[in-house]
Amino acid sequence: MKKTLFAMAAVVLITTTACSSGGSKSTDTASPSATQNSTGVTTVSILAKDFAPDDPNVQKLVKGIEDGMKAEGKNVKLQITPVQSGTYSEKMGLLLQSGNIPDLIYFQGGDYQFATTQKILEDLTPYIDKSKYVKASMNPYNIERMKNYPYLVWLSPVNSAVPVVRQDLMDKTASGKAALENPTIDNYYTFFKDLKEKSGAKYAYTTAGNLDELDAMFGQAFGLTTTWLKGADGQFAYGKTTQFEKEKLEFYAKLYKEGLLDPEFLTKKWDTKEKAFYDGQAAIMAGTQGKVIDLYNSKSIAQNGAGAKVVPLPPAKGKAQGYTPVDTSKESRGFAISKTSKNKDMAFAVLEYMASPKGQMMDKLGFEGSEYQIVDNKIKLTDKFAAWYPHFVESVINFTPDKEFDPTTPYFSEPAAKSLKMFESSSTKDNTFIIPADLTAKWDAATAVYKEFAADIVTGKKTGADFDKFVQAWNAAGGKDVTDYANKTIK
């Protein structure tokens with residue numbers, strides 16, 4: 001899904017130790033053969049997942065960046081580095097391993113080895129410290145991640161799920177209002193039963209392939225407030241090996257047995273999950289707050305009418321209340337600058353320009369006369385806007401257009417804006433950490449043991465009586481070694 005997501009948060013400063021000469025002007029004034037051609041234009045090579053050289057929107061964006069930066073005295077040429085089709089992180093990794101290392105690189109996984117093992121990624125801390133617009137566009141979670149892992153910057157809201165229900169289906173129940181006002185586990189359970197019995201939906205909740213999106217609603221209510229939970233003995237245990245997880249999985253098993261959870265949740269993909277929601281088979285699904293919820297809302301209304309707008313749901317209330325805790329160990333994706341680049345300052349200048357007011361207008365809205373028009377001194381989005389999405393700055397923290405949006409084409413629909421506010425007020429910080437390379441295989445093996453057991457207990461192949469055996473298997477697969485590391489690492 002190309003339209004992505006946004007969130008609002010306070011702006012604070014980054015204060016990490018600089019270990020680079022970033023921000024100096026020396027690299028941009030080196031010999032022409034190193035950084036500039038004979039006309040004084042600095043070429044910055046860029047590798048990014050959605051930067052296809054033959055994409056007309058990308059071509060338009062690149063020209064807009066070059067023209068905009070030139071108007072500000074930075075004569076730059078963006079040179080797109082093509083990547084073979086296939087899994088982006090794998091193909092990108094092969095390209096970098098071959099020695100073809102662009103100046104500006106977008107990672108979507110696979111960055112850790114290049115940052116820590118091969119050490120070819122620049123520490124971005126000093127660049128950000130000296131920036132104006134990049135720094136102003138970061139939320140507190142971005143800042144925390146940069147402190148822990150200063151090689152990727154991604155000006156985006158947290159990628160976390162917020163559940164939504166179709167308004168038309170909720171209105172057919174007597175319990176929907178009570179669930180919204182007092183979202184206890186029991187009230188949600190009653191609401192789920194009402195949806196199945198009275199709304200016409202075949203089941204209440206659908207999810208794509210795992211339990212993560214269901215956890216967004218119920219995880220903290222069962223006491224899973226962080227990935228690692230401190231016990232009475234002062235030691236940390238993996239939350240999914242505790243009694244809290246056992247109680248949660250038994251509750252999910254009840255939902256599954258009573259037909260309240262999509263019976264095909266293990267095989268659903270994101271597209272079939274969404275189809276089930278739009279077709280009315282499922283009443284509830286989860287999506288990333290902001291723009292994804294915006295898409296869900298517009299598609300649901302387009303297919304089912306204005307009464308089918310989506311309603312964001314609060315997280316369940318129990319032992320605690322909150323959506324999935326936010327991982328701050330590192331950015332899972334984002335832009336990096338190569339240590340081998342001779343154009344580091346200009347590469348960061350591209351990021352800085354795109355975070356500026358002019359850059360954000362172009363990145364988020366496209367171009368006047370195409371993706372939007374100015375009508376009665378207001379921004380009116382056109383049909384072409386549906387094919388436009390931001391490549392550099394998804395956050396709206398520092399997004400301040402000089403004109404209001406036409407009320408008929410708002411940037412955010414009411415449900416999307418509400419989901420942002422709900423997540424902001426109900427998000428909490430996790431205590432996850434980067435798994436070191438020597439424990440990665442063990443962690444993957446232990447995670448596979450959990451996923452298999454969780455699927456089996458929810459679908460009725462196993463019961464809570466098997467939980468202790470699962471914990472033993474999880475520890476034997478490598479979980480014990482990771483737990484030992486966690487107790488040395490978490491402060």
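Among contacts in the chain between residues at least 6 apart in sequence, what percentage join residues at least 24 apart? The share is 77%. The model on display is predicted, and the tour below moves from the whole chain to individual side chains.

**Whole chain**

Along the principal axes, the C-alpha atoms fill a box of roughly 75 × 60 × 40 Å. Switch to a surface: the accessible area comes to about 21400 Å², and carbon and sulfur atoms account for 51% of this area. Of the 491 residues, 54% count as buried.

**The largest nonpolar core**

Next, select I65, F335, L365 and F392, the residues with the most contacts inside the largest nonpolar core, which has 67 residues. Helix α15, residues 344-354, gives the most to this core, with 8 residues. Apart from it lies another core of 54 residues, including V165, A201, F265 and W443. In soluble globular proteins, nonpolar side chains tend to be buried together.

**Helix α16 and L365**

Select residues 357-365, which form helix α16; 7 of its 9 residues are buried. These are G359, Q360, M361, M362, D363, K364 and L365. They pack against α2 (56-71), α15, β11 (372-375) and β12 (378-381). Centre the view on L365 and display its contacts, among them Y372, I379, L381, F385, W388, F399, F405 and Y411. Just after the helix, G366 takes a positive phi of about 90°.

Move to S341, in the loop between β10 (334-337) and α15. With a relative accessibility of 7%, S341 counts as buried. Its side chain reaches the backbone nitrogen of K344 at 3.5 Å.

**K319, an exposed lysine**

Is K319 buried or exposed? K319 is exposed because its relative accessible area is 52%, above the cut-off of 50%. This residue is found in the loop between β9 (310-312) and β10. Select A221 as well: the C-alpha atoms of K319 and A221 are separated by 5.1 Å, although these residues are 98 apart along the chain. K319 also touches Q220, F222, G223, F244 and E247, among others. A polar contact of 3.2 Å joins the side chains of K319 and E247.

**Aromatic pairs**

Finally, display the rings of Phe, Tyr and Trp; the structure holds 37 aromatic pairs. Select W154 and F335, a tilted pair with 6.3 Å centre to centre and 45° between the planes. W154 lies in the loop between α7 (140-148) and β4 (161-166) and F335 in strand β10, so placed that the pair links parts of the chain 181 residues apart. Both count as buried, W154 at 8% relative accessibility and F335 at 2%.

Then select Y450 and F470, which form a tilted pair with 6.1 Å centre to centre and 55° between the planes. Y450 lies in helix α18 (440-458) and F470 in helix α19 (467-489), so the pair ties together parts that are 20 residues apart in sequence. Y450 is buried at 8% relative accessibility, and F470 is buried at 4%.

Methods. Residues are numbered from 1 along each chain as its sequence is written. This is a predicted model: local features need pLDDT of at least 70, side-chain atom pairs count only at pLDDT 80 or more; totals for chains, interfaces and linings use all residues. Side-chain values use heavy atoms; hydrogens and water are left out. A nonpolar core is a set of buried Ala, Val, Leu, Ile, Met, Phe, Trp, Tyr and Cys residues joined through side-chain atoms within 4.5 Å. Buried means under 20% relative accessible area, exposed over 50%, partly exposed in between (1.4 Å probe, protein chains only). Helices (H or I, at least four residues) and strands (E, at least two) are DSSP runs, numbered from the N terminus. Contact means heavy atoms within 4.5 Å. A polar contact is a pair of N or O atoms within 3.5 Å; within protein, one must be able to donate a hydrogen and the other to accept it, and residues adjacent in sequence count only if both atoms are side-chain atoms. Accessible areas come from the Shrake-Rupley method with a 1.4 Å probe; for residues, only the protein chains shown count as cover. Rings of Phe, Tyr and Trp (its six-membered ring) pair if their centres lie within 6.5 Å; planes under 30 degrees apart count as stacked, over 60 as edge-to-face and the rest as tilted. Lists of a residue's contacts leave out its neighbours within four places in sequence.
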